[in-house]
Amino acid sequence: MTKVKNKITPDTILKNFWKDNKRFADLFNACFFDGNPKLNPDDLTEVDTDVSSLLQFHGYAETVKRIVDVVKKSAYGVDFVILGIENQSKIHYAMPLRHMLGDAFSYLKEYNEIAKKHKKEKDYTATDEFLSRMKKTDRLHSVLTICIYYGENPWDGPHSLIDMLEIPDAFKPLISDYKFNLIELRKSEYLKFHNDDVNTIFNISRFIFDEKYDKITDIYKEKNISSELAMVIGCITESQKLINDAIKSEQKGGTVNMCKALEKLEEKGRMEGRLEGRLEGRLEGRLEGRSQGESCGFIKLILKKVKKQKSFNQIVEELDLDADFAKPLYDFVLKHIDLSETDIIQKYLEM
């Protein structure tokens, strides 16, 4: 039987974490100002994250939906700046374009608000202003967005719009680029965080990815962290064990001891390594004489049955399979149940 997982949405957990003004400000200060407190948490206010807009060109109209994960407005003197965070767990090979569109829609949203105000007040003083729906003295407010990439694999995607383009040499100096602000958690040790919560999730997550459990023990020793931080780290590192520990702790109103939690996580990793070795041996021995295509077909069928909460005996009976043949395939499916069907098949073919 498969274990029932807690219905946790990593995206929601991360959004809630960064909604805190102190954490939000610390991230931007570390990313852009070398840790200096240029951005004041007290100056931050929530802004609507939906920057969807209606695009109209020469009679053509289309509604384009775009929602940024966390958006805040920062008072900066007598003016303000729009700041946004995008949480990204997977490499996205069109991310600079995605950011460019998100920022452009933020500008377009403000432009439409300005145009609506002038239309209502009918305060245009020149024909050009009427055509532009914007007065000569109107200005839009700056938009600055950070993408945080939490993935375990190194980012090998583009870092700017230019990286996405095929440009003839003669045109390279003429094409406008668009800067893409990326923080890669795996390579974030250079960032100077001052907020303990932000520093904790970046440090522990990075050490878990690198399997440097001894460093976590050295730094945090017997230190407990809040169930919220444990939940965030569990979501970033895709550790169901940490998520479960955090949920149990939250229900009891307590904290999570990272050293104890990671001792079990490390032991679980060693056990999985031993299990994988035994499983590969059993697969090699029991699948002799069967073609890869045939075995892959059975893996797909078994996966469908497992997702319907069928037991091993039910699966063997319904598919009319020999138990000795089906058991290693069934175990292989359970071991990789969190992956997609395509990824499970790919892992099997790589063995």
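These questions and answers cover the helix packing, cores and backbone of a predicted model.

Residues are numbered from 1 along each chain as its sequence is written. In this predicted model local features need pLDDT of at least 70, side-chain atom pairs count only at pLDDT 80 or more, and totals for chains, interfaces and linings use all residues, while side-chain values use heavy atoms, without hydrogens and water.

Reader: How many helices and strands are in the chain?
Author: Helices are DSSP runs of H or I with at least four residues, strands are runs of E with at least two, and both are numbered from the N terminus. On that basis the chain has 13 helices and 9 strands.

Reader: What percentage of the residues of the chain count as buried?
Author: Buried means under 20% relative accessible area, exposed means over 50%, and partly exposed lies in between (1.4 Å probe, protein chains only). The chain has 351 residues. The buried share is 38%.

Reader: Which residues touch the most other members of the largest nonpolar core?
Author: A nonpolar core is a set of buried Ala, Val, Leu, Ile, Met, Phe, Trp, Tyr and Cys residues joined through side-chain atoms within 4.5 Å. The largest one holds 44 residues. Elements that each supply at least two of its residues include helix 1 (10–18), strand 5 (79–88) and helix 8 (240–252). The residues touching the most other members are W18, L27, I85, I148, I201, F202 and I236.

Reader: Which residues does I148 touch?
Author: Contact means heavy atoms within 4.5 Å. Residues up to four places away in sequence are not counted here. The partners of I148 are W18, L27, I85, E86, N87, Q88, I183 and F202.

Reader: How many residues are in the second, separate core?
Author: Its members include V306, V316, A326 and Y348. The number of residues in this second core is 20.

Reader: Is helix 5 parallel or oblique to helix 7?
Author: Axes are lines fitted to C-alpha atoms, for helices over the stretch in contact, and angles run from 0 to 180 degrees between N-to-C directions. Helix 5 (196–209) and helix 7 (227–237) pack at about 40°, with axes 10 Å apart. Angles under 35 degrees count as roughly parallel, over 145 as roughly antiparallel, 65 to 115 as roughly perpendicular and the rest as oblique. Helix 5 is therefore, relative to helix 7, oblique.

Reader: How many residues of the contact of helix 5 with helix 7 are nonpolar?
Author: Helix 5 contributes D197, T200, I201, I204, S205, I208 and F209, and helix 7 contributes L229, V232, I233, I236 and T237. Ala, Val, Leu, Ile, Met, Phe, Trp, Tyr, Cys and Pro count as nonpolar, Asp, Glu, Lys and Arg as charged, and the others, Gly among them, as polar. The contact has 3 polar and 1 charged. The nonpolar count is 8.

Reader: Are helix 5 and helix 6 roughly parallel or antiparallel to each other?
Author: The axes of helix 5 and helix 6 come within 8 Å. They cross at roughly 150°. The two helices are therefore roughly antiparallel.

Reader: What is the phi of D34?
Author: Most residues other than glycine have a negative phi. D34 lies in the loop between helix 2 and strand 1, and is partly exposed at 47% relative accessibility. D34 is not a glycine, yet its phi is positive, at about 55°.

Reader: Where is R133 found?
Author: R133 also has a positive phi, near 60°. R133 is partly exposed, with a relative accessible area of 40%. R133 sits in the loop between helix 4 (127–132) and strand 6.
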